[in-house]
Amino acid sequence: MKTLKIIKKDGYNYILEDENKNLYNLNLEFYSVETPKENNYLLMNEYLLEENVPLSFGPLSGKYGREVTEGDKDVIKVITEDKEIILKRYYG
């Protein structure tokens, strides 16, 4: 899992920075959860950074997406000042 800081958010477009100051521009959409904000962190599998498509995420317990466990490559963690939220990737 790679730790990424949300540097800038413009609608669904997020600019993320890793610990080596590499920047990533991803199109991210979140369902049924509070949308992450600038200065929050995302932990995600590096393979998601290589996907060149919009990515959608929602609760692990959500009916959309496939069944996953916490260590799955399609699971991310959102870290805010006061909580951590584990989400799974939605396809479709």
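This is a predicted model: local features need pLDDT of at least 70, side-chain atom pairs count only at pLDDT 80 or more; totals for chains, interfaces and linings use all residues.

Visitor: Which residue is the bridge partner of Lys2 in S4?
Guide: Start with the two strands: S1 covers residues 2-10 and S4 covers residues 41-44. They run antiparallel and pair over 4 bridges. Within S4, the partner of Lys2 is Met44.

Visitor: And what stands opposite Lys77 in S6?
Guide: S4 also pairs with S6, residues 75-79, again in the antiparallel sense, over 3 bridges. Facing Lys77 across that pairing is Leu43.

Visitor: Lys77 has a charged side chain, so which residue does Lys77 form a salt bridge with, given the 4 Å cut-off?
Guide: The closest N and O atoms of the pair are 3.3 Å apart, and the rule asks for a Lys or Arg nitrogen within 4 Å of a carboxyl oxygen.

Visitor: Take Glu17 and Lys21, which form a salt bridge. Is Glu17 buried or exposed?
Guide: The closest N and O atoms of Glu17 and Lys21 are 3.9 Å apart. Lys21 is exposed, with a relative accessible area of 60%. Glu17 has a relative accessible area of 19%, and buried means under 20%, so Glu17 is buried.

Visitor: How many residues apart are Asp74 and Arg89?
Guide: Their side chains meet in a salt bridge at 3.8 Å, N to O. The pair links distant parts of the chain: Asp74 is in the loop between S5 and S6, Arg89 is in S7, and they are 15 residues apart.

Visitor: Which residues are linked with Asp74 and Arg89 in a network of salt bridges?
Guide: Asp74 and Arg89 are both buried. By the salt-bridge rule, the model has 10 salt bridges. The network that holds Asp74 and Arg89 also takes in Glu51, Arg66 and Asp72.

Visitor: Last one: how many residues in the lining of the largest pocket are charged?
Guide: The largest pocket holds about 180 Å³ of space. Of the 13 residues that line it, the closest to its centre are Glu34, Lys37, Asn40, Thr80 and Glu81. The lining divides into 3 nonpolar and 4 polar residues, and the charged ones number 6.

Technical notes. Residues are numbered from 1 along each chain as its sequence is written. Side-chain values use heavy atoms; hydrogens and water are left out. Two strands pair if DSSP finds at least two bridges between them. Buried means under 20% relative accessible area, exposed over 50%, partly exposed in between (1.4 Å probe, protein chains only). On a 1 Å grid over the protein atoms alone, a cavity is a set of points where a 1.4 Å probe fits but cannot get out, and a pocket is an open set with protein on both sides within 12 Å along at least five of seven lines; lining residues have an atom within 4 Å of a point. Grid points are joined across faces, edges and corners, and a volume is the space filled by probe spheres set on the points. Ala, Val, Leu, Ile, Met, Phe, Trp, Tyr, Cys and Pro count as nonpolar, Asp, Glu, Lys and Arg as charged, and the others, Gly among them, as polar.
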